[in-house]
Amino acid sequence: MKRLLSGIKPTGELHIGHYIGAIKHFIEMQKDYESFVFVADLHSLTINPDPKELRNNIKEMLGLYLACGLDPKHTTIFNQSENIYHPALSWALTCHSYMGELNRMTQYKDKSLGQKNESINSGLFTYPVLMAADILIYDADVVPVGDDQKQHVELTRTLAERFNNRYGTTFKVPIPVIAKQGARIMDLQDPTKKMSKTDDNQKGVINLLDDLVVARKKIMSAVTDSDNIIKYDIINKPGISNLITIYSCLTNKDIKTIEEEFKNSNYGEFKTKVANEVIKLLEYIQNKYNEIIKTDYIDNILDKGLKKVEEISKNKMLEVYKKLGLGRY
Ligand code: TRP
């Protein structure tokens, strides 16, 4: 069975963009792959989070992974920081990556824009190498990610090939899997910008743990346009197109069918239908979440997960150290 691996940073609340763009795919794919899904807590240090908040976010994310439907029978779930081999491999890979290629990463460019070199966290710069280590240490075949992470998976491929060429085949070269539809859910208030968990304006973001009344209001007040035609057109009608995408992903109906279904409806009617689907999902997830979070289920799953990932990654690490001539092996 091929291996799947992915993770999300616990830097804020999980929202429907994460669900539609990532978690839903992990769940759909978990039966066909040996899956590994983790909380990328080490990656969140690049924004210097408050330790208490980070702790909470990690637990919440784990509870939500399970509540959304990640099934420990198919998916090994773990915290990145608990497996000490990730940063160890990351260092070995850092010494095989170049300043030039890391400088070209668009996420780094965006996040460091306008900041002085003196104040840019260097973890932001080496972030993609840690991500490469996360992936390569498990010989992952496929990495489902949002399109903003594709470049990082491509760098991972480059680093794997470089290492393999220099020291003999060591790493599997992974393939990024980007969902065609729904990889990018946009902000409800500014539909030209990606829905983001660190966004200040929470009116544009539907968190998975949002109060249901609040969530409905956010959909109903989503920014649209004034022609009252429910038609998918990203350039001229980004708001309506975003709502169509959300509706399509939650109902599994294709865009043409939706346009047909709502050809005689106005925006208010359409938004009500979208809101109903979103609320149905949130209600389902929140009920499960509230059950899970009361018990020690999460800890049990993490203990089991860690045992499994430690064994796999320790072996890979020893192989790497040996090839590099490190230590005594
Ligand atoms: N960078 C990803 C994010 O922003 C999280 C991540 C870290 C990841 N390591 C990974 C995703 C490895 C896929 C594979 O959410």
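This is a predicted model: local features need pLDDT of at least 70, side-chain atom pairs count only at pLDDT 80 or more; totals for chains, interfaces and linings use all residues.
Buried area is the accessible area that two parts lose on being put together, summed over both.

**Entry 1: the whole protein**

I started with the overall build. The protein has 13 helices and 5 strands. Its C-alpha atoms fill a box of roughly 70 × 45 × 40 Å along the principal axes. Next I looked up the radius of gyration, which is 21 Å. A compact globule of 329 residues would come out near 20 Å, so the value agrees with that picture.

**Entry 2: the domains**

Where do the domains run? Domain 1 takes 3-178 + 296-324, and domain 2 takes 202-290. I noted that domain 1 is written as two stretches of sequence. The centres of domain 1 and domain 2 are separated by 30 Å. Domain 1 puts 14 residues into the contact, and domain 2 puts in 15 residues.

**Entry 3: the area between them**

The size of an interface is often given as the accessible area lost when the parts come together. I looked that up here. About 1,300 Å² is buried between domain 1 and domain 2. Carbon and sulfur atoms give 75% of this area. Which residues of domain 1 lose the most area to domain 2? They are Ile-16, Ile-20 and Ala-67, and together they make up 39% of what that side buries.

**Entry 4: pairs across the interface**

I then checked for charged pairs. Polar contacts do turn up, with 5 residue pairs counted between the domains.

On the side of domain 1 that touches domain 2, helix H1 (16-29) and helix H3 (51-68) each give two or more residues. H3 gives the largest share, 6 residues. By class, this side has 8 nonpolar, 3 polar and 3 charged residues.

**Entry 5: salt bridges elsewhere**

Side chains of opposite charge can pair when their charged atoms come close. How many salt bridges does the structure hold? I found 20. One of them joins the side chains of Glu-34 and Lys-308, at 3.2 Å from N to O. Glu-34 sits in strand E2 (residues 34-39) and Lys-308 in helix H13 (residues 297-324), so this pair ties together parts that are 274 residues apart in sequence.

Notes: Residues are numbered from 1 along each chain as its sequence is written. Side-chain values use heavy atoms; hydrogens and water are left out. Domain bounds come from an automatic or database domain assignment. Contact means heavy atoms within 4.5 Å. Buried area is the accessible area (1.4 Å probe) that two parts lose on being put together, summed over both. A polar contact is a pair of N or O atoms within 3.5 Å; within protein, one must be able to donate a hydrogen and the other to accept it, and residues adjacent in sequence count only if both atoms are side-chain atoms. Helices (H or I, at least four residues) and strands (E, at least two) are DSSP runs, numbered from the N terminus. Ala, Val, Leu, Ile, Met, Phe, Trp, Tyr, Cys and Pro count as nonpolar, Asp, Glu, Lys and Arg as charged, and the others, Gly among them, as polar. The radius of gyration is taken over C-alpha atoms; the globule rule is 2.2 Å times the number of residues to the power 0.38. A salt bridge is a side-chain nitrogen of Lys or Arg within 4 Å of a carboxyl oxygen of Asp or Glu.
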